[in-house]
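Please brief me on this structure.

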Protein chains: 2
Amino acid sequence: MTLPPQTQPVKSAADPVEEFLKRRKKATINDVAALARVSKKTVSRIINNSPSVREETREAVNAIIARIGFRPDPQARGLAFRRSFLLGLIYDNPNAQYIVNMQMGILDKVRGSGIELVVHPCDKTSDSFLEEIRDFVELQRLSGVILLPPIAENRQLIQVLEELAVPFVRITARHGDDNSPPIKTSQVVSRDRMGCQQAADHLVSLGHRRIGFIEGPHTYASAKERRQGFAEGLKAHGLDIDPEITAEGAYSFESGFEAGQKILSHPDRPTAIFASNDEMAIGVYKVALQMGLSVPGDLSIIGFDDSPLAARVYPALTTVRLPIRDMGRMAAETLIDQEDHRKHTTVFDAALVVRDSTAPVPKNFKP
Amino acid sequence: MTLPPQTQPVKSAADPVEEFLKRRKKATINDVAALARVSKKTVSRIINNSPSVREETREAVNAIIARIGFRPDPQARGLAFRRSFLLGLIYDNPNAQYIVNMQMGILDKVRGSGIELVVHPCDKTSDSFLEEIRDFVELQRLSGVILLPPIAENRQLIQVLEELAVPFVRITARHGDDNSPPIKTSQVVSRDRMGCQQAADHLVSLGHRRIGFIEGPHTYASAKERRQGFAEGLKAHGLDIDPEITAEGAYSFESGFEAGQKILSHPDRPTAIFASNDEMAIGVYKVALQMGLSVPGDLSIIGFDDSPLAARVYPALTTVRLPIRDMGRMAAETLIDQEDHRKHTTVFDAALVVRDSTAPVPKNFKP
DNA sequence: CAGATTAATGACACCGGTTACCATAACGCG
DNA sequence: CGCGTTATGGTAACCGGTGTCATTAATCTG
């Protein structure tokens, strides 16, 4: 009389895996090797997807790994590999929302991959700025670096990273197709220019002809791009940027306020103002309110960034949105997935977000 | 004929240190040991400020370390020590400014110390939330963890961290002296209650008697504290929170808008509203504008947080400021400097920031 | 000044993985 | 069927530090 085959074998207490689990100790590669009756080298091969392992062996070992919950120690692995499993995010940027969105995007990609994100703001005005970053990258043996604007444009910094031979991506508004020599690195690019063209289009289509402009700091690539985009947008309708009603700001609320005062005190004041970011646009709100101008009745305003401010002010600000989080995710992808270490560029579109701060020019407008 | 003693010895090319520097290789502890003619263990002792090293030896080795620019590899050190030199910042919080301020504070302390900050937002609604954090902390062998509200109040999470025996600090508004059992961990506490008392004081001193209140979510410790502080502030003047003109919000702009609608549609509407954060306060702005109420002429409003929004809206919002950055710095200090691993609590004051959204009750006020 | 005690230093294994290299088994071909 | 290949697994050394413990040098004691 034969018994039926045991479909569900009784886990005997002598099962070495069960034995191991009882000890509640963090598993090492040696434990896996011992339980699977192979050498640790073979386990290592399997962890690293090395091809020359028999399928049978691979499955058996993976089963053990899963059962005892083995996860290789990143420090030990890093030491042997001579690189860590850390991504560095380097920036010198006061805009909190931008940074957090970027972090979220990066983390979208990184989560669960065993790679972690180390944030490293810096002060580009410090003398030791470059040394600090060199130390950081070299010491931590980062597996990749993400550079945010404006320091993503810093040539010296780029050179340092190239010397260190660390993979890095620059986030930038610059497509590198104007006359200054393009910077040849991996990059994630936003079409700021496109967004500004749309802003200009939108205003012109509402009947505005006299449009003030508040630029960002000339040292910022985004500022140049936005200016150029806005100029192109106007040009398409036979218009030009008028220097009389243009001012340079510092991307800050206060500088927007001052620029707004300058522009709106012009005897022939514009019926609309395009500010290169939301902070400055909100600064113009304050000027308008103080001058008794209604927005958008007397003055249309457009900003850029779609910061949380934009939707919360009254009237809600028409602005240009960039997919910051997506860009962050793509930056991480560029560093992690790109097997070939070629320079890789991705471009993201901007989108006009029409809210309540823009309206047609009043019919009987006389300044 | 004797030559004068060479005060400035010519660095002969045979100087082993010079020789070493010529090779432009990252220095290891072995290099230091060889050049200083001591064992690597002695160098290790010096790096770690071990006491039993002769002063003479220490100086000689330190000189070599400085000359060749040796810095111990954190990965190797971490492997041997069985802990990394990373601090983890764990949060589940949508407020960008808060997070960035906190990060800056932590980095103020951490910068230059060789410790780096790993950010780890998480989703407390996910099933695997606790497992993810456990993996993160265990795998990275973090040397410390900082918990931000609201998950700083999560008992299960706290238990996990205690099991892992990782040092951690909670950032919280809760002093732990009410009836629910206090959570015994290191913490950095803000006196939210105090700020709210001041807010109540301020409004009452302006003549307001009928004051609306928008609470935060009941699950947040800060919400409870703020409510309690506001209530205490009113009580000091013989007033009470009136449930008729109180609403619960979600700390968001939209929820503030809704709460404002509810409160301001009350037949006997209040002359002032205290919102438990700025987002909700700005939501009330929108309601007021839509109802044609002037702020602060018809309605005074106070918020909480002193977010960037507060100073930029019109009229600028009176609010309560918390020294977030300082708290971040203190959190890092608590983890890094505290030799004894006793539970350590630090308390920070809140401060009322009076701007333009609060004014005396109009003399002839009739609802 | 011998012997005991203490301070300073070094030898060696180890942290938990990896690579370099060698040994064996399986396979193809003339 | 012998031999060169290719697949697979093992061994030892190594990544760059630290812990343990033994050893040597310096200081103390009677």
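Predicted model: local features only at pLDDT ≥ 70, side-chain atom pairs only at ≥ 80, totals over all residues.

Residues are numbered from 1 along each chain as its sequence is written, chains are lettered from A and ligands numbered from 1 in the order in which they are written, and side-chain values use heavy atoms, with hydrogens and water left out.

**Interface**
- In chain A, 44 residues are in contact with 44 residues of chain B (heavy atoms within 4.5 Å).
- The copies meet through the same surface, because 100% of the interface residues of chain A are also interface residues in chain B.
- About 4100 Å² is buried between chain A and chain B, with carbon and sulfur atoms giving 59% (accessible area, 1.4 Å probe, that two parts lose on being put together, summed over both).
- Gln75(A), Leu139(A) and Arg312(A) supply 19% of the area that chain A buries against chain B, more than any other three residues.
- There are 6 salt bridges between chain A and chain B (a side-chain nitrogen of Lys or Arg within 4 Å of a carboxyl oxygen of Asp or Glu).
- Arg312(A) also forms a salt bridge with Glu279(B), at 2.8 Å, N to O.

**Aromatic pairs**
- Over all chains there are 10 aromatic pairs (Phe, Tyr or Trp rings, the six-membered one for Trp, with centres within 6.5 Å; planes under 30 degrees apart are stacked, over 60 edge-to-face, the rest tilted).
- Phe213(A) and Phe230(A) are stacked, 4.8 Å centre to centre with 20 degrees between the planes.
- Both Phe213(A) and Phe230(A) are buried (under 20% relative accessible area; exposed is over 50%, partly exposed in between; 1.4 Å probe, protein chains only).
- Ring pairs join Phe213(A), Phe230(A) and Phe274(A) in a cluster.

**Charges over rings**
- Lys286(A) lies over the face of Phe257(A), 4.7 Å from the ring centre (NZ of Lys or CZ of Arg within 6 Å of the centre and within 35 degrees of the ring normal).
- In chain B, the charged end of Arg226(B) sits over the ring of Phe304(B), 3.8 Å from its centre.
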